[in-house]
Amino acid sequence: MSTPLRERPDAPLGTLIFRAGLLPAETIESALEEGVKTGKRLGEILTERGLLKEVDLARLLAGQKGLDFVPVREHIVDPAAASLFTHDQARLFRALPYAFEDGVPVVAIPDPTDDVVLRNIREAIGRDEVRFVVSTRGEIAEIVEDVYSKQLTAEAAAPAEPAPPAPPAEEPSFVQNPEPPAPAAPEA
């Protein structure tokens, strides 16, 4: 009897790919060797080579870490959640805060195995409690550009705050000139 992925957390990605029948062991080994030489991660190499679909990689990584796979394209992004990041942060982290569940921010990420990024996201949000879900890198990038460009457009289109009204001008004070002005000197 097969054990679901969620019950085998942290099995190596290559093992999960092989067990899922997505690629033969030789192909996985070749990609692992390339990773040793280049420093790239297995999933990145396999998707770049066109051997593994992004959605399959995201589903496997989610299962590997016991997280939900969520196609963010199918969700409405809560502007309050998105505002937890600047556009630059969303790009840098390749992540999208898109909702709240019981007051906890829900952040879509493509790679839940990158502990440095997870820590940086928590620090950027200013909270230890963050619910991570996994989505594809391409989908997150697309939605990030869409969401944050709309925010920038909305901010640019918003009418500027009206200037405060100018203080009322002081009434001019008239001083009566006790002496009439001297006649002008004739021109020669």
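User: Which residues of α2 are buried?

Analyst: Keep in mind that this is a predicted model. Helix α2 covers residues 25-38, and its 14 residues reach 20 Å from the first C-alpha to the last, close to the 20 Å expected. Buried here means under 20% relative accessible area. In α2 that picks out Ile28, Ala31 and Gly35.

User: Within what arc do the buried residues of α2 fall, seen down its axis?

Analyst: On the other side of the helix, Glu26, Val36 and Lys37 are exposed. The buried residues line one face of α2, because seen down the axis they fall within an arc of 65°.

User: What do the buried residues of α2 pack against?

Analyst: The residues in question are Ile28, Ala31 and Gly35. Their packing partners are two helices, α1 (13-19) and α3 (42-48).

User: Which residue just after α2 takes a positive phi?

Analyst: The helix runs over residues 25-38, and the backbone just after it has a phi of about 85°. The residue with that positive phi is Gly39.

User: How about α4: which residues are buried there, and what do they pack against?

Analyst: Helix α4 (residues 54-65) has 12 residues and reaches 17 Å end to end by C-alpha, close to the 16 Å expected. Buried in α4 are Leu57, Ala58, Leu60, Leu61, Ala62, Gly63 and Gln64. Just after the helix, Gly66 has a positive phi of about 70°. The buried residues of α4 pack against α1, α3 and β3.

User: Which element gives the most to the largest nonpolar core?

Analyst: That core has 26 residues, and Phe85, Leu96, Tyr98, Val107, Ile121 and Tyr148 have the most contacts inside it. Two or more residues come from each of α6 (87-93), β1 (96-101), β2 (104-109), α7 (115-125), β3 (131-134) and α8 (137-157). With five residues, the element that gives the most is α8.

User: How many residues are in the other core that lies apart from it?

Analyst: Nonpolar side chains tend to be buried together in soluble globular proteins. Among the members of this other core are Ile17, Ile28, Leu42 and Leu57. Ile28 is one of the buried residues of α2, and Leu57 is one of those in α4. The size of this core is 14 residues.

User: Is Tyr98 buried or exposed?

Analyst: Tyr98 is found in strand β1. Leaving aside neighbours within four places in sequence, Tyr98 has contacts that include Val70, Val72, Ile76, Val106 and Val133. Its relative accessible area is 6%, and the cut-off for buried is under 20%. So Tyr98 is buried.

User: What separates the C-alpha atoms of Tyr98 and Ala108?

Analyst: The two sit 10 residues apart along the chain. Ala108 is among the residues in contact with Tyr98. Their C-alpha atoms are separated by 7.3 Å.

User: Which residues is Asp78 in contact with, leaving aside its neighbours within four places in sequence?

Analyst: Asp78 sits in the loop between α4 and α5 (79-82). Asp78 is partly exposed, with a relative accessible area of 28%. Asp78 and Ala99 are 21 residues apart in sequence, yet 5.3 Å apart in space, C-alpha to C-alpha. The contacts of Asp78 are Tyr98, Ala99 and Phe100.

User: And Arg122, which residues does that one touch, not counting those up to four places away in sequence?

Analyst: Arg122 belongs to helix α7 and is partly exposed, at 28% relative accessible area. Its C-alpha is separated by 9.9 Å from that of Val107, 15 residues apart along the chain. The residues Arg122 touches are Arg127, Asp128, Val130 and Phe132.

User: Zooming out, what pattern does the protein follow along the sequence?

Analyst: There are eight helices and three strands. Of the contacts with a separation of 6 or more, 61% are between residues 24 or more positions apart. Read along the sequence, the pattern is α-α-α-α-α-α-β-β-α-β-α.

Notes: Residues are numbered from 1 along each chain as its sequence is written. This is a predicted model: local features need pLDDT of at least 70, side-chain atom pairs count only at pLDDT 80 or more; totals for chains, interfaces and linings use all residues. Side-chain values use heavy atoms; hydrogens and water are left out. Helices (H or I, at least four residues) and strands (E, at least two) are DSSP runs, numbered from the N terminus. The expected span of a helix is 1.5 Å times one less than its number of residues. Buried means under 20% relative accessible area, exposed over 50%, partly exposed in between (1.4 Å probe, protein chains only). The arc is that of the directions from the helix axis to the C-beta atoms. Contact means heavy atoms within 4.5 Å. A nonpolar core is a set of buried Ala, Val, Leu, Ile, Met, Phe, Trp, Tyr and Cys residues joined through side-chain atoms within 4.5 Å.
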